Amino acid sequence: MKKVDKNDYKIDKNIKIAIIGLGYVGLPLARLFATKYSVIGFDINESRIASLKSGTDTTLEVDDVTLQKVLVNNSSQNTGLYCTSSLDDLAACNYFIITVPTPVDKNNRPDLTPLYKSSESVGKILKKGDIVIYESTVYPGVTEEQCVPVLEKVSGLKFNEDFFAGYSPERINPGDKEHTVEKILKVTSGSTLEIGLKVDALYKSVITAGTHLAPSIKVAEAAKVIENSQRDINIAFVNELAKIFNLMGIDTQEVLTAAATKWNFLPFKPGLVGGHCIGVDPYYLAQRAQEFGYHPEIILAGRRLNDSMGEYVASQIVKLMIKKGISVNGANLLMLGITFKENCPDVRNTKIVDVVKALKEYGIIVTIFDPIANANDVKKEYNLITINNIPDDKFDAIVLGVAHAEFLELNFSELQKEDSLIYDVKGVLGAIADNRL
Ligand SMILES: NC(=O)c1ccc[n+]([C@@H]2O[C@H](COP(=O)([O-])OP(=O)(O)OC[C@H]3O[C@@H](n4cnc5c(N)ncnc54)[C@H](O)[C@@H]3O)[C@@H](O)[C@H]2O)c1
């Protein structure tokens, strides 16, 4: 067996990297690699490519100045990011990094269509010696058992002889300007020992926080999916606590603050679990477990509990309105925030929609104000109207649903009717709020 020397795995600065899927994960990664290598960013969404080429990232993950610094007009430069919707532009690349979505279908089953489609695309241009690295969150086995066969079939090349694979899960936290991609330690892996070292060296060359080379692709896939599943379960636990303490008339946040004084108490907060990571990834793990004949109890219980929180929050708000003597039917309520998390414009799988739907069923008139959500996306996805500017009206109830920085600066008294309710889903308003989750 050939002796492996880690120092053999210095990355040639003349490589070309293709990033497939320029969304929340793909773009920051492409931007980072582009500071050192020639990067071709590919996306099937032509309007996304057009806005990136004009120097704007609508996901707000990469600011315009930083983006414009790396953008180049053609794919032949030694460094820089060239964005395209044409697959032919990727033909000269040696590394293909796939960062496409991994959603669930309406029955919460993994939908691997974007992974199959992007693997087909890469298969068409794959050459001998190329490495295809997947970053999308999946269950263990997807890379080698689902994606690699597509690459083999379309390219006619043989896996681990002609071309190779890697898996390096993304751990970014959208809207978080502190933990940016280069500052998050990256787990890496490869389809052979040598390819693992090569993939690791590639990421190590740009990730300042360093890397952890996992012993296999399946280990790396499993590590990512359990990170998010663990978070989901922990939030479900505190959501259950919130339900219990609300019945007892005890303030959950005060309990959590007291408990957190113990060195090993985990500081999770109750809340709505939306988006397309934490609320979705546990279903990937659960599905795979079921295929092996194991029915996951805790993972799915966590999902059920977290998915029911929207309706629960709405019922709490209505009870508190009644207690305050506010006439519920026909009341005007201001919902602050519609995105799935703070300071991020992503509205996919946002659980605020569940709260709004339940409030409307009680006859409440809901005005949604979100300064960073795209109103067209909200209309298209949920058939709801969102306003981007502070309304002039006064409201019977105000609900802080998302903790956007802008909301913390609001003058609530200008928005309140006399004796109105302020309900704080995120527990960030302090004494302004009458109640919090
Ligand atoms: N957003 C996050 O917080 C986050 C964090 C860590 C991991 N992840 C994982 O990373 C993956 C990508 O997530 P995201 O948030 O960047 O998604 P996203 O929807 O923001 O971006 C995906 C991009 O891929 C493009 N795309 C879809 N199919 C394609 C195809 N066949 N070929 C080329 N491009 C295609 C889309 O047009 C889109 O621009 C998912 O698996 C997700 O679970 C996301």
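Which residue of strand 13 does Val 399 stand opposite? In this predicted model, the residue opposite Val 399 is Tyr 423 in strand 13.

The protein contains 14 helices and 14 strands. Its radius of gyration is 24 Å, close to the 22 Å that the globule rule gives for 437 residues, so the protein is as compact as a globular protein of that length. Along the principal axes, the C-alpha atoms fill a box of roughly 75 × 50 × 40 Å. Buried residues make up 54% of the 437 residues of the protein.

Six strands form an open sheet with parallel pairing, in the order 11-10-9-12-13-14. The edges of this sheet are strand 11 (386-387) and strand 14, each of which pairs on one side only. Within the sheet, strand 9 (residues 332-336) is joined to strand 12 by four bridges, and the two strands run parallel. In this pairing, Leu 333 stands opposite Ala 397 of strand 12, while the bridge partner of Leu 334 in strand 12 is Ile 398.

Strand 12 (residues 395-400) also pairs with strand 13 (residues 416-424), in the parallel sense and over five bridges. Here the bridge partner of Ala 397 is Leu 421 in strand 13, and Val 399 stands opposite Tyr 423. Strand 12 is mostly covered, with six of its six residues buried. Asp 424 stands opposite Arg 436 in strand 14.

The ligand is surrounded by 26 residues, the closest being Val 25, Asp 43, Thr 102, His 276 and Arg 348. By class, this shell holds 12 nonpolar, nine polar and five charged residues. Helix 4 (residues 113-125) gives the most to the shell, with three residues. An N or O atom in the side chain of Thr 102 is 2.5 Å from an oxygen atom of the ligand, and a polar side-chain atom of Arg 348 lies 2.6 Å from an oxygen atom of the ligand. For Thr 137, a backbone N or O atom lies 2.9 Å from a ligand oxygen. Taken alone, the ligand exposes 830 Å², of which the protein buries 91%.

Two individual residues may be described next. Arg 48 is found in helix 2 (residues 46-53). With a relative accessibility of 9%, Arg 48 falls under the 20% cut-off and so counts as buried. The side chain of Arg 48 makes a polar contact of 2.9 Å with the side chain of Asp 57. Gly 279, by contrast, lies in the loop between helix 8 (252-259) and helix 9 (281-291). The relative accessible area of Gly 279 is 4%, and this residue is therefore buried. Ser 229 is 50 residues from Gly 279 along the chain, and the C-alpha atoms of the two are separated by 8.4 Å.

Both ends of helix 13 (residues 375-382) show local features. At the start of this helix, a side-chain oxygen of Asn 374 reaches to within 2.8 Å of the backbone nitrogen of Asn 376. The residue that follows helix 13 is Asn 383, which has a positive phi, near 55°.

Technical notes:
Residues numbered from 1 in each chain as written. Predicted model: local features only at pLDDT ≥ 70, side-chain atom pairs only at ≥ 80, totals over all residues. Heavy atoms only, no water. Near = heavy atom within 4 Å. Polar contact = N/O pair within 3.5 Å; in protein donor to acceptor, adjacent residues only side chain to side chain. Areas by Shrake-Rupley, 256 points an atom, 1.4 Å probe, with all protein chains shown as cover. Nonpolar A, V, L, I, M, F, W, Y, C, P; charged D, E, K, R; others polar. Pairing = 2+ DSSP bridges. Rg over C-alpha atoms; globule rule 2.2 N^0.38 Å. Buried < 20%, exposed > 50% of the residue type's maximum accessible area, 1.4 Å probe, protein only.
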